[in-house]
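Colleague: I would like to go through the labels attached to this model and hear what each of them rests on.

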Amino acid sequence: AIVGEYCNSASCLKGSAYVMSSINQSFNPCSNFHNYACGSWPQEHPLSPDTVSNTVYSELMEKNTEKLRRIMMSSDGTNNKASAEWKLKSYYQSCMDDYANTNKGGKPLLEIIKNTTGGWYMLDATNLNIFDIDLAMQKAQVDYWVNALFSFKVAKDLDDRRNRATIEIDLGGLGMRSYYYDTSKAGNKAIVDAYSDFIRTVTKLLLRDAGVNQDQTKINERVEGFVKDVIAFETKLAEITITSPPSENPHDFENRVNLQELNNNVGVIDWYSFFKYMFNEVDIKPTTTVVLLEKYYLYNVSDYINSLGNDKMRILNNYLSWRLAQSYLSDLSWEYVHAAREFYVKRTGRKQFLGTWRYCFSLAANKMSDALGALFIRDHFADSSKVKVHDMVSHLRSILKQRLFQVPWMDAQ
């Protein structure tokens with residue numbers, strides 16, 4: 001509670017003590033206000049061995065992170081399996097379950113690859129007989145939200161007076177930033193080699209967890225073929241990404257194309273079937289128009305894929321399987337996570353690791369940020385607290401405004 005210019009509640013006194021702990025009164029605020037206001041901060045808040053900075057914001061973030069961790073570890077509200085709360089807590093707690101993840105290995109990912117592609121070429125070459133690129137792209141992009149060959153989103157149509165939305169199609173589908181693939185540039189060959197090692201390690205783990213029982217020499221030959229397919233295909237996509245100019249005024253109505261026209265010009269997949277699968281509750285038609293942000297990229301990718309000849313289905317199957325693997329291996333056992341971390345260290349030079357709970361927390365926060373934020377607000381933003389905070393901020397503003405005109409060490413300007 002605030003009485004006059006003073007506060008006497010526990011929370012207000014705690015906040016005041018926190019501010020006072022940073023002040024170093026040995027400095028004259030007239031000559032060095034920063035050291036006066038923050039001079040005691042380094043002594044009161046020393047760096048821990050695993051941090052490079054410590055600020056008011058990072059400390060507040062750390063406190064809020066701990067609150068969120070306790071929320072995700074609690075069993076409250078986990079009876080309704082359709083709720084976002086149950087999904088968030090189950091995801092976090094399953095990530096923390098080392099025993100279960102180790103026992104499963106790569107089996108969950110192998111099931112995803114099978115559900116998407118119909119079967120991975122690396123496990124059985126005859127899987128190409130049932131590989132349907134249209135169905136595989138629908139499942140990868142829509143069911144598993146994995147960008148492959150392209151990306152898309154629904155955006156507000158700024159040229160529509162009725163404020164309707166439109167579909168925008170963009171480039172996408174690389175495992176690294178496009179400029180890394182150019183090995184003629186300094187340092188990039190080492191990164192591509194590290195990426196190849198990453199693919200190689202994950203592929204061997206998946207073959208092991210799939211129960212492939214072959215001579216090691218044959219396994220290595222198959223793995224090298226897979227790595228070669230993925231690297232060559234992604235390198236070409238990167239080259240097309242860099243060299244293809246963006247579309248000119250793509251949102252202009254005369255520059256938009258309908259799905260039937262897109263099928264005729266970019267016949268990699270059936271675009272009408274793809275968006276019909278994505279927006280199954282909307283009246284998608286062959287005449288539905290879309291915005292091509294990277295028209296020339298799409299044209300060039302289509303030409304490249306059609307030039308692959310008899311290797312086309314194998315390469316697409318391997319490429320799509322890797323896109324799924326790279327997107328979901330963070331949810332697997334530590335062997336897979338470590339493979340990704342090794343690539344990260346080789347690419348960036350940064351060796352620090354978050355630790356198990358921080359790693360799982362970051363995954364949950366990135367993938368389900370809205371659900372996590374809603375739980376934090378529910379548990380820590382009581383209506384009564386909002387009123388108190390509002391009153392406190394209003395009071396601070398009024399007092400600050402009064403005192404600005406009273407301090408002797410500040411002139412009128």
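**Labels and their cut-offs**

Modeller: By the rule that a side-chain nitrogen of Lys or Arg lies within 4 Å of a carboxyl oxygen of Asp or Glu, the count comes to 20 salt bridges. This is a predicted model, in which local features need pLDDT of at least 70 and side-chain atom pairs count only at pLDDT 80 or more, while totals for chains, interfaces and linings use all residues. Residues are numbered from 1 along each chain as its sequence is written, and side-chain values use heavy atoms, with hydrogens and water left out.

Colleague: What makes Glu 66 and Arg 69 a salt bridge?

Modeller: Their side chains meet at 2.9 Å, N to O, and the rule asks for within 4 Å, so the pair qualifies. The two residues are three apart in helix α4 (residues 56-73), and therefore separated by about one helical turn; helices here are DSSP runs of H or I with at least four residues, strands are runs of E with at least two, and both are numbered from the N terminus.

Colleague: Why is Glu 66 called partly exposed?

Modeller: Buried means under 20% relative accessible area and exposed over 50%, with partly exposed in between (1.4 Å probe, protein chains only). Glu 66 has 24%, so it falls in the middle class, and Arg 69, with 24%, is likewise partly exposed.

Colleague: Which residues are linked with Arg 378 in a network of salt bridges?

Modeller: Glu 85, Lys 89 and Asp 379 are linked with Arg 378 in that network, and the side chains of Arg 378 and Asp 379 meet at 2.8 Å, N to O. Arg 378 is partly exposed at 46%, as is Asp 379 at 38%.

Colleague: Is Leu 149 buried or exposed, and what makes it so?

Modeller: Its relative accessible area is 4%, and because buried means under 20%, Leu 149 is buried. Leu 149 lies in the loop between α8 and β3 and has a positive phi of about 70 degrees although it is not a glycine. Trp 145 lies in the loop between α8 and β3 (150-156), with a positive phi of about 55 degrees; at 60%, over the 50% limit, Trp 145 is therefore exposed.
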